[in-house]
Amino acid sequence: MTALPGRPARAATLGALTALVIGLTACGEVVSESGDTANGGGATITVVDDADRTVELAGPVERAVVLNSYGNEFAQAIGAGDRVVGYDRVSANRLPYLGIGEDEIVSEDLQEINYESVVALEPDVFIVPRNGAWQEAAEQLEPFGVPVVVATAWDFDVFHETVDLLGQVFAEPEGAEAVSGFYDEIFDLVSDRVEGTDAVRVYWETEEPYLTGLPGSGFDQIITAAGGENVFGDVGAGGDQQAETTVDPASVVERDPEVIVHEFGPSAAPTGQERFDTLRDDLEGRPGWEDVTAVSEGEVYVSNGWATSGLSKALGALYLATWLHPEEFEDVDPDEYLARWVEDFQGTDFEGANAYVQKVSS
């Protein structure tokens, strides 16, 4: 972290005359105040962010620093990607289609932030998820008149609130509505088709061997939404905000999942067949796994998190539902929904679903 000495804040002419309540949600209450534009004033926007903080912005944002790749995907999706001027290195690595330059990177992650670089970009707002160093950022950036907004795009539970909040911050309500509509379209389809089906036992592994999602995690929620049963659904999260834990290898065999999914870290760069093959060999070669139902019946899948955790895991829920209940989804192609997310909302070329999601056993 690079700290900054204090200096006068940027001048801003704020003329508040009337207040209009635009929206009210659990996170993202927005109030627009019309300024006296004839005398050089401008509209101000007051939002309540994901940390339940009231934050005032000097009008719709034209220059933003956004940390976290999911936040940058949402900004791109609602039509505000061209107004992001600063990023974290993780976003640059995961989202090469954004063309992020080295001079636009202000942090290595969500904690180590170079505030001098942030201020040099003259942003109207600094946006960071709640698991980032938002308290420190607010303290460091206050002397420079850069407001901090907490928006947690990775959190399944506050998807609509986050998209609405970003739509108001960037003055892109129609774009935000389109993103929320696509999300709802997917979950409405999934919930309609899985209603009345028998739950299928699922083991979802993420990033590292035997690291799995527990109740309270987005992974557990999409298993349930897709008509599945998390084989570790009876294990408590132990206070971990991400609700993930590394389980005993033998317990996976004992719980005998009918479907296994391994999701590795998200990257828009096509995965490459070698990685899929390597993960297949690892998964199917684990001790005792030859007797697990998912392995013996060829129901093992490997996915790039850019696909299955995209759109706050809505795409992952759809893919999983088609794997768990193929008869109910025989006329649904989840690849088409992934293509829409990539082409229509991310504005980049779609390399084909096989570059991101594969069934690795047969």
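This briefing walks through a few strands, helices and surface charges of the structure above. The model is a predicted one, so please read what follows with that in mind.

**Strand S10 and its partners**
- With strand S12 (residues 228–230), S10 pairs in the parallel sense over 3 bridges.
- Within that pairing, valine 200 has glycine 228 of S12 as its bridge partner.
- S10 also pairs in the parallel sense with strand S14 (residues 259–264), over 5 bridges.
- Here valine 202 meets valine 259 of S14 as its bridge partner.

**Alanine 294**
- Alanine 294 sits in helix H10, which covers residues 293–296.
- Alanine 294 counts as buried because its relative accessible area is 0%, and the cut-off for buried is under 20%.
- Tyrosine 203 lies 91 residues away from alanine 294 along the chain, yet their C-alpha atoms are separated by 9.2 Å.

- Glu343, Asp344, Asp349 and Glu351 together form a negative surface patch.
- One of these, glutamate 351, belongs to the loop between helix H13 (334–345) and strand S16 (357–359).

Conventions. Residues numbered from 1 in each chain as written. Predicted model: local features only at pLDDT ≥ 70, side-chain atom pairs only at ≥ 80, totals over all residues. Heavy atoms only, no water. Patch = residues over 30% accessible without salt bridge, like charges linked within 9 Å, V, L, I, M, F, W, Y side chains within 5 Å. Areas by Shrake-Rupley, 256 points an atom, 1.4 Å probe, with all protein chains shown as cover. Salt bridge = Lys/Arg side-chain N within 4 Å of Asp/Glu carboxyl O. Lys, Arg positive; Asp, Glu negative; His and termini not counted. Charge placed at Lys NZ, Arg CZ, Asp CG, Glu CD. Helix = DSSP H or I, 4+ residues; strand = E, 2+ residues; numbered from the N terminus. Pairing = 2+ DSSP bridges. Buried < 20%, exposed > 50% of the residue type's maximum accessible area, 1.4 Å probe, protein only.
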